[in-house]
Each structure stands twice: as C-alpha cells, then as structure tokens.
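Take a moment to turn the structure around before you read on.

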Amino acid sequence: MRNIHGRPAQRAAMLMAFSILLLCGTTIMTEAQTRIKKRPFGQTADGTPVELYTLTNARGMEAQIMTYGGIVVSLKVPDRNRGLTDVVLGYDTLDGYLKDNGPYFGAIIGRYGNRIAKGKFSLNGVEYTLAKNNGENHLHGGLKGFDKVVWKATPVNGRGIRSLRLNYTSKDGEEGYPGNLSVTVTYTLTDNNELRIDYAATTDKDTVLNLTHHSYFNLAGAGAGDILGHEVYINADRFTPVADSGAIPTGELRSVTGTPMDFTKPTAVGARINQTDEQLTFGRGYDHNWVLNKKGVRGPTLAARVRDPKTGRVMEVYTTEPGVQFYTGNFLDGTITGKGGMVYNQRYGLCLETQHFPDSPNQPGFPSTVLKPGQKYTQTTIYRFSARQVQR
Ligand code: GLA
C-alpha cells in the first residue's frame with residue numbers, strides 16, 4: 001500500500017531508524033539505582049564539611065555536584081557505543097578546588113558573572129566599590145564569589161525526577177554588593193540526558209545580579225586534548241566587542257558577519273582562532289559575549305550547539321538569558337594537573353556561560369541586571385547531550 005506521507009521504502013527505513021533510536025534510549029536503571037547519593041567530600045579551611053552528591057538518570061548518565069561552589073565535579077555522558085565519558089574538567093579531590101584560584105572549573109558564578117569595569121557601578125545615585133580581581137576590573141563576583149562558598153543542599157527525589165537544590169544567602173555588603181540576596185540554584189538531571197540549571201533569587205535592597213555556570217567541556221573527555229576540532233554553532237548574529245585585553249565591552253552590538261566570531265554555521269573552534277584579528281588578540285582567542293537571537297520567546301531557546309566529530313558527541317545549550325560567553329580555555333597553561341593526573345593545556349576545554357552582558361551595570365544600552373525587592377530573578381539553562389548527528 002502506498003503511504004501518502006512518503007514512499008513505502010523510505011518510510012520503513014525511517015521507522016526502523018526511529019525504533020533503533022528508541023531502543024538506544026531504553027531505560028536501563030531502576031528507580032532505586034537512580035536515587036541521589038551523598039558522601040562526604042572533605043572540608044574547607046575553616047572546617048565546614050563539604051558533601052558530594054551523585055545524580056544518575058534512567059539512562060545511566062551521571063552528574064556529581066558538590067556543596068562547595070555548587071561545582072559540577074564530573075558529568076558522565078553516554079556516547080554512541082553506550083559507554084560513559086566524563087566531559088568536564090576539574091579535580092579528583094576538594095583540595096584541588098580549594099587551592100585553585102583561577103579557572104572556576106564547574107562552578108556557580110555570582111553575584112555578577114563576568115566583568116564589571118574598574119570594580120565600580122552606581123545604583124540609585126550610590127557608587128559601589130568591588131574587588132579588582134582581574135587586572136583593573138572585577139570578575140565573577142570578586143575574591144570570594146559564589147564559586148567559593150558552601151551551599152546548603154536539598155536532594156529532591158521523585159518519580160523520574162532527580163534534582164539537587166542549593167541555597168545560599170549572601171549578606172548585604174558581601175563582596176561590596178548591596179542587599180541581602182537569597183539564591184536558589186537547582187540542578188536537575190533529566191532522562192533526556194540534560195543537565196538543567198534553574199536559578200532564582202530575591203533581594204531586600206536594589207542590587208545587580210548575573211548568575212552563570214562555568215563548566216569547561218571537552219566532548220572527547222576531560223583531558224583528552226584540545227577542543228580545536230569541536231564544531232561550534234552559536235545562535236547569534238551579533239556579539240559585544242571588547243575595548244582591549246581588559247575584556248570590557250565597548251557597548252557596541254557588532255555584526256558577526258565576515259568576522260571570525262561568525263558561528264552561525266557550525267565551524268571548528270580552531271578554524272579561525274589564530275587569525276590576525278583585534279578581538280581575538282584581546283581575548284587571546286575566543287572570550288567574548290554573543291548576543292543571542294531571541295525573537296521574543298520567553299522560555300529557554302537554543303544558544304549553541306557543540307559537536308565533537310571524533311566521538312559524535314553533541315551538546316546543545318538552551319537558555320533564557322540574552323547572552324553567552326564563549327570562552328575557549330585560553331588561560332589554561334599546562335600548570336594545572338586535573339582529574340586522573342591529566343595536565344590541562346591551553347584550549348583543553350570550552351565554556352558556554354549563559355548570562356547577561358558583561359559590565360551591564362555600567363552600560364545603559366545593555367539589558368538591565370538590576371534586581372529590586374519584590375521581584376524574582378530567574379534564569380534557566382539546559383545542557384543537552386546526545387551522540388548522534390544533529391541536523392540543523
Ligand atoms: C571567564 C572569563 C575569562 C577567564 C575565565 C576564567 O570565562 O571570561 O576571561 O577569566 O572566566 O579563567
């Protein structure tokens with residue numbers, strides 16, 4: 001019988017392909033196996049205990065998250081042959097994270113992700129002074145940002161739901177920011193092989209806020225080499241150029257067309273990274289904010305897609321945020337020995353930090369990052385993993 005939706009042979013092939021896909025996605029873990037597990041992971045310098053939580057989904061994907069910095073310590077995702085590979089950079093022990101002060105591996109970033117020029121901003125006529133911890137500028141919340149505090153964790157186990165809710169109250173004046181800020185970050189591992197991050201916050205005084213997540217991904221596996229062969233698509237026609245190597249945006253929203261910043265077609269990270277280009281020189285590679293194409297949609301929309309041609313592994317990033325910082329691990333320099341004794345050289349991982357634009361408190365033309373009492377800050381970002389060809 002001829003099928004009106006297509007030729008029978010084609011249709012049969014499609015059905016078979018679809019069934020194979022379904023089989024690959026078959027539930028392999030029991031409800032008991034996917035219960036969230038908790039174990040001690042050491043203590044901070046002041047003796048505060050730190051716990052490590054393990055979330056496992058029905059397909060065996062696993063995320064390990066610790067209460068220090070809300071850091072994603074490992075993220076094991078399935079590949080084409082059903083093996084699991086840890087795709088995020090980091091350390092084996094808490095000690096590694098405590099000693100380290102540079103890369104922000106896997107952490108929650110706040111209060112303000114990315115840079116604030118000269119560590120100053122004004123709100124309601126009052127000037128606030130923040131730490132200059134990145135040359136002349138303020139970076140990632142200051143000397144002790146949300147990546148260096150211990151969060152209170154509540155595991156949420158439900159039918160098919162595995163979430164870890166993390167809470168932190170940042171006091172008025174902490175790191176120079178105004179307002180008592182109550183923050184909840186919920187990590188959820190879905191059966192669709194997604195790590196979903198929901199952020200929420202309220203304040204009792206006008207303040208500024210820009211939360212993000214700082215995992216370094218290498219889809220071939222943490223420490224497997226550089227990410228120059230990864231193909232990247234970014235759903236953005238514009239980016240925010242920076243003024244100099246201090247990486248503060250000029251305020252312009254510049255078209256990516258004809259520049260090495262154009263990732264509107266999937267392109268290998270290494271294809272243009274060494275071109276002579278002022279912006280690439282300032283960033284020592286890619287370390288810029290892209291202005292996501294949004295078209296007024298309120299829920300999370302596709303920000304970026306990364307594919308490792310060697311393993312066939314794909315990561316898609318969806319977000320409610322207006323921007324994404326695409327950072328190619330330019331400051332990794334081989335001085336860090338990470339998980340399993342692997343040395344992390346330059347460009348061994350890439351970050352896709354969904355965010356409001358850098359330096360927004362000093363840039364009237366950028367979307368506002370002001371949060372007022374009575375308002376609720378929310379942000380959702382989803383990192384979705386698969387291991388098949390994705391057509392655009
Ligand atoms: C962010 C910044 C980079 C760098 C890393 C941490 O992604 O944009 O310049 O500071 O954090 O090394």
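R111 sits in the loop between β6 (108-109) and β7 (115-116). The peptide bond that joins G110 to R111 is cis, with omega at about 5°. Keep in mind that you are looking at a predicted model. From this loop, the tour goes on to other backbone details, then to the whole chain, its strands and a few single residues.

- N124 belongs to the loop between β8 (120-123) and β9 (126-129).
- The phi angle of N124 is near 50°, which is a positive value in a residue other than glycine.
- N124 is exposed, because its relative accessible area of 59% is over the 50% cut-off.
- D359 can be found in the loop between β27 (351-355) and β28.
- D359 also has a positive phi although it is not a glycine, with a value near 60°.
- Is D359 buried or exposed? D359 is buried, with a relative accessible area of 2%.

**The whole chain**

- The protein chain contains three helices and 29 strands.
- What radius of gyration does the protein chain have? The value is 21 Å, which agrees with the radius near 21 Å that a compact globule of 392 residues would have.
- Of the 392 residues in the protein chain, 55% count as buried.
- Take the contacts between residues at least 6 apart in sequence: 66% of them join residues at least 24 apart.
- The protein chain exposes about 17000 Å², and carbon and sulfur atoms supply 52% of that area.
- There are 45 positive and 35 negative charges in the protein chain, and their mean positions are 8 Å apart.

**A sheet of nine strands**

- Nine strands form an open sheet with antiparallel pairing, and you can trace them in the order β11-β12-β13-β14-β29-β23-β22-β17-β20.
- Which strands stand at the edges? They are β11 (152-158) and β20 (267-268); each has a single partner strand, so one side of each is left without a neighbour in the sheet.
- Within this sheet, β14 (residues 194-203) and β29 (residues 377-386) run antiparallel and are joined by eight bridges.
- To find one of these pairings on screen, look for I197, whose bridge partner in β29 is T381.

**Strand β3 and its two partners**

- Five of the five residues of β3 (residues 62-66) are buried, so this strand is largely enclosed by the rest of the structure.
- In a regular strand, side chains alternate between the two faces of the sheet.
- In β3, E62, Q64 and M66 lie on one side, A63 and I65 lie on the other, and all are buried, so both faces are covered.
- β2 (residues 49-56) runs antiparallel to β3, and five bridges join the two.
- T54 is the residue that stands opposite Q64 of β3.
- β2 and β3 form a hairpin with five residues between them, and G60 in the turn has a positive phi of about 95°.
- β4 (residues 72-78) is also antiparallel to β3, with four bridges joining them.
- In β4, S74 is the bridge partner of Q64.
- The hairpin of β3 and β4 has five residues between the strands, and G69 takes a positive phi near 70° there.

**L371, a buried residue**

- L371 lies in β28 (residues 370-371).
- L371 is buried, because its relative accessible area of 4% is under the 20% cut-off.
- Leaving aside neighbours within four places in sequence, the contacts of L371 include L181, A201, T207, L209 and Y377.
- L371 and Q64 are 307 residues apart in sequence, and their C-alpha atoms are 31 Å apart in space.

**F331, a partly exposed residue**

- F331 is in the loop between β24 (323-327) and β25 (336-337).
- F331 counts as partly exposed, with 42% relative accessibility.
- Apart from neighbours within four places in sequence, F331 is in contact with R284 and D287.
- F331 and S360 are 29 residues apart along the chain, and 24 Å separates their C-alpha atoms.

How values were computed: Residues are numbered from 1 along each chain as its sequence is written. This is a predicted model: local features need pLDDT of at least 70, side-chain atom pairs count only at pLDDT 80 or more; totals for chains, interfaces and linings use all residues. Side-chain values use heavy atoms; hydrogens and water are left out. The radius of gyration is taken over C-alpha atoms; the globule rule is 2.2 Å times the number of residues to the power 0.38. Buried means under 20% relative accessible area, exposed over 50%, partly exposed in between (1.4 Å probe, protein chains only). Contact means heavy atoms within 4.5 Å. Accessible areas come from the Shrake-Rupley method with a 1.4 Å probe; for residues, only the protein chains shown count as cover. Lys and Arg count as positive and Asp and Glu as negative; His and the chain ends are not counted. The place of a charge is taken as NZ of Lys, CZ of Arg, CG of Asp or CD of Glu. Two strands pair if DSSP finds at least two bridges between them.
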